[in-house]
Structure formats: structure tokens, C-alpha cells
Amino acid sequence: MSLLHLVIILPLLFSILMIFFKRVQRVHTGWFVLPLPILLFIYFLSLLPVTSSRETVTEAINWIPSLGINFTAKADGLGLLFALLITGIGALVVFYSIYYLDKAKEKLPSFYVYLLLFMGAMLGVVLSDNLIVMYAFWELTSFSSFLLIGYWYDREASRYGAQKSMLITVFGGLAMLGGIILLYIMTGTFSITEIVGNSDQLYQHSLFIPSMLCILLGAFTKSAQFPFYIWLPDAMEAPTPVSAYLHSATMVKAGIYLVARFTPVFGESGFWFWLVGGVGLITLTWGSVFAVKQTDLKGILAFSTVSQLGLIMSLLGVGSAALHYEALDDNIFLVATSAAIFHLINHATFKGSLFMAVGMIDHETGTRDIRKLGGLMPFMPITFTVSIIGAFSMAGLPPFNGFLSKEMFFTGMVRVTEMDIFNLGTWGILFPVIAWIASVFTFLYSMILIFKTFTGNYQPEKLDKKPHEAPLGMLIPPVILVSLVIIFGFFPNLLSDSLISPAMAAVLPSLIGTGEEFMVHISFWHGINIELFMTLGVVVLGIILYRTLPKWKGVYKKIPERFSLFRFYDRLLESSQSGSYRLTSSYMTGSIHSYLVYIFAFFIFILAATLIGQDAFKLDTVNVSSIGIYEWVLALFVVAGSISILFVKSRMTAIILLGAVGYTVSLFYVLFRAPDLALTQLVIETISVALFLVCFYHLPKLRQYETRIRFKLTNALISVGVGAIVTVIALSAHSNKLFDSISQFYVENTYEKAAGQNMVNVILVDFRGFDTLFEITVLAIASLGIYGMIKLRGNGRKEG
Amino acid sequence: MEILMAFVIGILFMSATYLMLSKSLLRIIVGTGLLSHGAHLLILTMGGLKRGSAPLLGEHADNYTDPLPQALILTAIVISFGVTAFFLVLAYRAYQELGTDNVEEMKGTEPND
């Protein structure tokens, strides 16, 4: 157990300690939790020099070595970047939650247990080198996120949102497990490092595309990409610290992490470029267009998260094209990957601060509805400052960090048009155009977020509380985040050497040799270029659209609800429930008759198919014995008796006919030289008929029973089929005798070894005495059962 | 002889199946009775018929019929008798408690009704 393992496990261990903090009522539980993420953050900072020099920290513990599953923790540039985000924002969120959640009203220990579980799971995902271990942590994030979304479980909407996110992310998680197993089949290892090392041979393998699709399905569902984004807006029912932490900064980026992690494995394929880039762009546009429609502040932020995740995803897709250009110098597609990583950090800072700001507005006014809010600027000046910085950064305005990553995003997209691979040709122009349109909408909803909330008419009559500034403790975390927004905006190269360059080395390892470095240089001023004009266009068109918003917002109402993906999900869930209910109730009728029909029909079908398929029917007339007159008579008797049972009206006749058939069978035993059988059969038939008659006497004397069986074609067909199959099998089996009988042994040894002359009896009690022992047991059980049935009565269980 | 017996057994199975698909509990039991007759005769037929004298060493014959199927059938007869007896009493008790011997009326109440 190394320090790195301990760091991953520590939040999980700490969550157990929460039991003890239940006792402490006076101090808010969050204060006990707060030191942990801070300590972890400091530890991860101490690893920065290691990863900046392109070293990795790898530690392994054996878990199930025989299956190749070991808990291998590995911190490289990419993993460390995520670990810093998780612990840093985790510390701020815990601090914020101390002021956000009331210690008297809320069940705090469970909140922090879930949060710590999540933090540990997330660290496990980004720091595991073994795919199975990563998958285990991956599902733990889904699970703890489910618990956190449903934290206020007495609300219907919370439970709905929690269930929805669980179903969608677990669906993706299972697909990812499939992809992992396919990768294992191809490479024979679960280690990401080894898979990346062997990625050249994978490209030709027939399972390459299926495993890629499965892994991408996991990434897209977790990161809320189109069309799986629908769980994210409903997850906004969680407490705001959870939304800020899980649904903006960390969990939704697990899919981004996965795509970045697997870029060296799959990135050379054109499929990867089109899928990741294309889905990312669709998500970006779709999310930004629908964010404008929302009236709930957290709804806007949810759709904007979807949209920004799409942006990062599309950049990763485009960045994978860099793998095709071997040269490190002048590789114009590298900028897309560095933009993705840069925007990943930026998004975590500004989206975290925006969520916290919205939480404060909700906390101080009692509503998040944009139609009730307005004119809050004089009441909440600090919240306003935080929000405007966050929103301007999100919209991509200078001098904040969002501006820089937006410029790099445009650069990356414009360069797609210069690409000469993947049959891009004229389609390449779509990339910058779509990206530009999406940016206009991003600008638009960022403006709506700010100006509809803080400017305009103050409507005190619609608010439950008199608004005032949030407490100082609640303000500290978002202020720290927006300071980072500004610092990264002015000094972007703080990040480029320490975080972005090592992370790029992890995403595109094949491009650099030992000792080389990605020279990521983010300049604040690019000069007058096409990206700058695109940003200007975004601002101008965005302002025009914002001014004319009331005139065209009606367009959204024209989109029919029926085509909404949310509605589609509900329909799918409903119809799969009602469909499976209908399916089950259609064949599980509760009637013995139909079950017997299924069983017999299956019996006929399987045997007939096997007989025909194996060409097994054979009729051998050489090896048969002769038929005498007695046999003919007895055979006719059995046939006549058993058939006439079907047509008799009275059951008395049926019982007598059954007896007649039984006695004829015992005559058959006489003919076929089986004296013991004949004896037993005679006695037992007599007792059976007597029993039937006893039963008959007690049965109801109702008219309906004194009729013959009503003829039914299905029943007739099935019974004829059963009879025919049995006959055919009997004939074929008789004609295919493979070995002689072993009975010569019994004939020779019955007297020699067992001192008896009746071979059948000697077999029953000597050679095969165990059969007889348990047949006696069967009779004993039957008689005890009969006694019990007659004597024991359920007391008071009769109803009515 | 074996071919004739195969057809006789087939007809026994057919009648048994038809009876078991009916609604009356008593007819179903009659069906199981016919089915066990068919099965016993099948075992005997598959062992080969009329290949010598009865399996008693006192006969001093050159050739005996196969004793093994007979031992198997004897066990089967006793077991099917035990089961039939149990089943009959069960039907009798079911009629006493439920007032019907129609299996279609013996459906349990649907849990979601």
C-alpha cells in the first residue's frame, strides 16, 4: 500500500468515520470533512514537479493477479490534472456546503458520506491504470451520484432524476465494461499503459470498432453527450453544492477523461475522429440552443454544461487528427488538444462559481425562476460580480480565461478545413460554422443568465424572502474560483508548462520522443486574425439576438413536445414496462392447460427437429420377434380401451376402462415372460381402481362433469403429435441397437454369487438393492403425505 | 412384435396426453395412469421381446429374457403407484376444500388485481 493508493482509499475510509460525527451536534459536520480534500490537494500539488518532467508515479498492489486484475495506481499528467480538479473543487464545495446546508434541518452525515464516496471513486477513476479497477470506481461514481441526486428523497422530482441518471449512466457503464473486455480479448491485458504500448496492432483487429463503440457509449452517457444528455437537467434536483461539484466540474468530465485516455488507442481511426468530433459538435449546438429556452437558472446551467462538454469533446475528436501527422513541429492540430485541456480547467472554474452563485441567489431569494427574479444587483453586489465574471468567461469575452480557450477552440475548428484526411474535403467547413453558431447561443444564454437576474425590474412581490447578500463563508469559494478565472485569463502560461503540457503527453504519447516536450504557449494576443473576427461576430450577433429576444423566443414553443428527447425517454420507460407486463400476462395465464400445451408443444418440436435434423429415423424389420394371435388380441384391447376412455361420458366408465387397460398390460407381462411384473401389476391395478372409486364417490355430482371431454383441435393435434413422436422414437431406437445387453452377467451370476434363482428379485434386492431402498422410501413418504393431507387441517386459514 | 408395440405405446401416450389436457382433475389422473402404462411397456419393448424363457434359473433354459428391464419396471410401477395414490388423495382434498375439481377454476388470485 503506497501513498498513492492511500490517497485514493482515504475518502472512502473517511466516509466510515461519519458515523462518529453523528454524535457531534454543535459543530457542522462539514468542518470535519474539509481538511481531507485540502490535504489531498496539497499532496497532488507535490506530485506536479514529477509529472512536469514527464515522469509518472506508478504503484501496484495485487488484487486478483490470476485474472490480471491488480490495483495499479498511476499518476501521469492527465490523471494528476483531474485529481487536482477533483480535490481542489472538492475542498471549495465542502466549504460552500457548510454554509449552504443547515445543520439542524439536513441529514448531514449521509450527505458527506455520499460526497466522500464520490470523491474517492472519482480519484479512483482518474488514477487507476487497470481497466477493471477503473470500471469499479466508475460505477461507484454512478452510484454515489444517484445517492446525491436523491438526497432530498421525499421529493418526487429528486427520485425521478436520481433514477434517470442511474439508468442512463449504468447503461453506458455496462457498455464500457463490454468494451474493456473486448480490449482484453485483443491485447490480453487490462493495463492501460500496456494497451497504449500495443496500440499499433489493434488497428487491424476485427474487434477494434466494436470495442471503440462500447467505450465511447460509456463516455458519452457519463459526459451527457447527445442524445444521452437528458439525465443532466433532471439531476439539478440535487442540492446546489452537488450540482456544482458533480454535474459541472467532475463526474461529467469522467467521460472526457475516458476519451482523452483512450485517444492513443483509438485515435488514429477515422471513426474516432468523426464520432467524437461530430457528437461533440452536435451536443455543443443542441445544448446551447436549448439553454436559451430555460427559465430555471440551474436549468440554464445544466444545458450550458452539456454544451461546454460537447465543446471539449469535439476538440478532443479534432485533436486526435494530430496523430496522423508524425512531425511534432508545425503540427497544426495539436492546438485542438491543448484547447480541450485548457477549456476543461477553465470550465471547472467558471461553471463551479456560477453554480455557487445560483445557489446563493436561491438561498437568499427563495427561487431560481428567472421570470420572478430581476434587479438583484443592488442587493447582492458580490454575487453579481462573481456571476458576471463567470458568465463573461463562459461567453468567451476578454480578459477572462474563457476568451482564450474560445479563441483556441476557433483555431482548432478552422484548421479542420485544412485537413486532408478522413474524406473531409468540403465537409470540413461545417466544423467552424457550427462552432461559431453554437458560440453565438452560448453568448446569448450567458447574457440572459446575468441580465435577467441582476438587472431589470425588481419584483419584491414575487419573492418569498427579502433578498440580501449571502453570508461571507458562502462567498469565499466562488470568489476563489473567479479569481482563478481572472488569473488564468491574464497568466495562462502558469498552466501550460505545469498541467497542459504533461496532460498532452498522456493524450498523444506517440508524437513525442524521450526528452521532447509539447511547447504549449498560450498568448493573450494573437494579432488580428480570423478567430478574432469570429469572436467579434459572436458578440455583435449575440447582442442583436439578446435585444430582440422577446420577438423570436416564441419559436421554441413551435417545437412540438412530442419530439423532445425527454418525452422519448419517458415513453421508452413506460412502454418497456407496459410491454413486458403485457408479454408476461399473455403467456402466464395461470391455467395448467396452457402450460401443459407449451411443454408438450416444445417436446414435439425439439424431438421432431432433432429427428429430422440428424436424419435419425430408421426402421429395421430384421431384428423383430413374431406376432401371435394373443398379442394381436391384447394389443387391440389396449388400443380400444385407451381410445374409448376419451369418448366416454361417465367417469365411472373411464375408471373401469383404465382398470381394463391395466389388467391387459399385466397380461402382456405374462406373454412377455415377466411373472413378477404381472403379479405386481395385477395387485396394484386393483388397488388403484379401488382408490379411484373411493375418490369418485366423494366427487361432486354436478351435471357438467357428466359430459364427455369437449373436443378441441389443439389438444387433439398435440396429443397425436406426442403419440407419433413416441412411436417414431421407439422404432428408431429399436432399429439402432449399438451394444449388447449387460444382462448376461446377471444370468451367469445370480446363483453363483447371490444364491438366488429368480433373477429379477436378485437384481432388486442384491445387485441393485439401493433402488429398492429408495423406492421403499418413496412409498413411505407417499403414505405419510396422504396421512398428513387427511389429518392436518389449516386452522383458521379458511376465508369467508 | 416390437413394431406393433411401438404403435400401441404411441396410442397410449396419445390418449394420456389428451386426457391430461382436459379440465377435470380426475381425467388428468386417469391420463397419468395411462402414461405410466405406456412408459412401462416402452421399457419392456426396448429391452427386446420374447427372447427366451422367464428369468428364473429353475427353468434350465438356454436362453432367458433380459431381467434388467423387468427389475426397472417393477421399481417404476411401485413408484408410480405411490405418486398416483398421493395425487388422488390430493385431488380429493382439493375438492373438499375448494368445492371443484375443474383445474381452470383453481387459478390463484392474480397478485396485481
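**Exercise 1. The hairpin of S1(A) and S2(A)**

Strands S1(A) and S2(A) form a hairpin with four residues between them, and Gly68(A) in the turn has a positive phi of about 75°. The model is a predicted one. Determine how many bridges join strand S1 to strand S2 of chain A, and whether they run parallel or antiparallel.

Solution. 

Step 1. Strand S1 covers residues 57–64 of chain A and strand S2 covers residues 69–75; seven bridges join them, and they run antiparallel.

Step 2. Ala60(A) stands opposite Thr72(A) in S2(A), and Asn62(A) stands opposite Asn70(A) in S2(A).

Step 3. In a regular strand, side chains alternate between the two faces of the sheet.

Step 4. Counted along the strand, seven of the seven residues of S2(A) are buried, and S2(A) is mostly covered.

**Exercise 2. Two helix pairs in chain A**

Classify the packing of H1(A) against H5(A) from the angle between them, and do likewise for H15(A) and H18(A).

Solution. 

Step 1. Helix H1 (residues 3–21) and helix H5 (residues 108–127) of chain A pack at an angle of about 165°, and their axes are 8 Å apart. Angles over 145 degrees count as roughly antiparallel, so H1(A) is roughly antiparallel to H5(A). The crossing of H1(A) and H5(A) is left-handed.

Step 2. List the contact. H1(A) contributes Leu4(A), Val7(A), Ile8(A), Pro11(A), Leu12(A), Phe14(A), Ser15(A) and Met18(A). Among the residues they meet in H5(A) are Pro109(A), Tyr112(A), Val113(A), Leu116(A), Gly120(A) and Gly124(A). By class, the contact of H1(A) with H5(A) has 16 nonpolar, three polar and no charged residues.

Step 3. Helix H15 (residues 297–319) and helix H18 (residues 401–416) of chain A pack at about 45°, with axes 10 Å apart. The pair H15(A) and H18(A) is therefore oblique. The crossing of H15(A) and H18(A) is left-handed.

Step 4. From H15(A), Leu311(A), Ser314(A), Leu315(A) and Val318(A) make the contact; from H18(A), Lys406(A), Phe409(A), Gly412(A), Met413(A) and Val416(A) do. The contact of H15(A) with H18(A) divides into six nonpolar, two polar and one charged residues.

**Exercise 3. Backbone exceptions in loops**

Most residues other than glycine have a negative phi, and most peptide bonds are trans. Locate Arg673(A), His60(B) and Pro227(A), and state the backbone feature of each.

Solution. 

Step 1. Arg673(A) is in the loop between helix H28 (651–671) and helix H29 (675–698) of chain A. Although not a glycine, Arg673(A) has a positive phi of about 60°. Its relative accessible area is 34%, so Arg673(A) is partly exposed.

Step 2. His60(B) is in the loop between helix H2 (25–46) and helix H3 (67–98) of chain B. Its phi is near 55°, a positive value in a residue other than glycine. At 68% relative accessibility, His60(B) counts as exposed.

Step 3. Pro227(A) is in the loop between helix H10 (208–222) and helix H11 (231–234) of chain A. The peptide bond from Phe226(A) to Pro227(A) is cis, with omega near 0°.

Notes:
Residues numbered from 1 in each chain as written. Chains lettered and ligands numbered in written order. Predicted model: local features only at pLDDT ≥ 70, side-chain atom pairs only at ≥ 80, totals over all residues. Heavy atoms only, no water. Axes fitted to C-alpha atoms, helices over the stretch in contact; angles between N-to-C directions. Parallel < 35°, antiparallel > 145°, perpendicular 65-115°, else oblique. Left-handed = near helix turned anticlockwise from the far one by under 90°. Contact = heavy atoms within 4.5 Å. Nonpolar A, V, L, I, M, F, W, Y, C, P; charged D, E, K, R; others polar. Pairing = 2+ DSSP bridges. Buried < 20%, exposed > 50% of the residue type's maximum accessible area, 1.4 Å probe, protein only.
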